[in-house]
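Welcome! Let us read a structure together, one feature at a time.

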Amino acid sequence: GNEVFKLIFSMKYSYPAKALKVLAFLDAADKRTLRLLVRNQARCIRSLDPFLTADTIMACVAVKVEPGELYHRLKGAKLYHMLTSHLVD
């Protein structure tokens, strides 16, 4: 089984984004793990470089993060807005 979900809350800096990117493109995670990673992207946006920010946006699209869906108090549209505004800055 995939035990990444146990480590998600202790990940710092850009590691949640890197984990989401790898798991999304390998299609190796369950829905629970991906939802937790998506939910924790808002914490690590400040530490992302532009390339990883773009990869995170593509990973969110790959795991079908819907703009109207709620990920524990974080709407998908808000996450996309935060990522794209960080990419532009």
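## Reading the helices and what lies between them

Q: Where do helix 1 and helix 2 meet?

A: P16, A19, L20 and L23 of helix 1 meet T33, L34, L37 and V38 of helix 2. Contact here stands for heavy atoms within 4.5 Å. Helices (H or I, at least four residues) are DSSP runs numbered from the N terminus. Before going on, please note that this is a predicted model, in which local features need pLDDT of at least 70 and side-chain atom pairs count only at pLDDT 80 or more, while totals for chains, interfaces and linings use all residues. Residues are numbered from 1 along each chain as its sequence is written, and side-chain values use heavy atoms, with hydrogens and water left out.

Q: What is the angle at which helix 1 and helix 2 pack?

A: Two packed helices are described by the angle between their axes and the distance between the axes. Helix 1 and helix 2 pack at about 145 degrees, and their axes are 9 Å apart. Axes are lines fitted to C-alpha atoms, for helices over the stretch in contact, with angles from 0 to 180 degrees between N-to-C directions. The crossing of helix 1 past helix 2 is left-handed, a word used if the near helix is turned anticlockwise from the far one by less than a right angle.

Q: Which residues of helix 2 are buried?

A: Buried means under 20% relative accessible area, exposed over 50%, and partly exposed in between (1.4 Å probe, protein chains only). In helix 2 the buried residues are T33, L34, L36, L37 and V38. An α-helix has 3.6 residues a turn, so residues three or four places apart point the same way. The cover over the buried residues of helix 2 includes helix 1, helix 3 (41-44) and helix 5.

Q: Is T33 buried or exposed?

A: T33 counts as buried because its relative accessible area is 0%. The side chain of T33 also makes a polar contact of 2.5 Å with that of D30. A polar contact is a pair of N or O atoms within 3.5 Å; within protein, one must be able to donate a hydrogen and the other to accept it, and residues adjacent in sequence count only if both atoms are side-chain atoms.

Q: Which residues touch the most other members of the largest nonpolar core?

A: A nonpolar core is a set of buried Ala, Val, Leu, Ile, Met, Phe, Trp, Tyr and Cys residues joined through side-chain atoms within 4.5 Å. The largest one has 25 residues, and L20, C60, L79 and L83 touch the most other members. Helix 1 (15-26), helix 2, helix 4 (50-62) and helix 5 (76-88) each supply at least two of its residues. Helix 1 gives the largest share, 5 residues. Beyond neighbours within four places in sequence, L79 is in contact with V38, Q41, A42, I45, C60 and L74.

Q: What about T56?

A: T56 is in helix 4 and is buried, with a relative accessible area of 0%. Apart from neighbours within four places in sequence, T56 is in contact with A17, L20, Q41, L48 and L83.

Q: How many disulfides are there?

A: A disulfide is a pair of cysteine sulfur atoms within 2.5 Å. The count here is 0. The sulfur of C44 has its closest cysteine sulfur in C60, 9.8 Å away, so the two are too far apart for a bond. C44 is buried at 4% relative accessibility, and C60 is buried at 0%.

Q: Which way does phi point in D27, positive or negative?

A: Most residues other than glycine have a negative phi. D27 has a positive phi of about 55 degrees although it is not a glycine. D27 lies in the loop between helix 1 and helix 2 and is exposed at 68% relative accessibility. R73, not a glycine either, has a positive phi of about 75 degrees. The loop between helix 4 and helix 5 holds R73, which is exposed at 73% relative accessibility.
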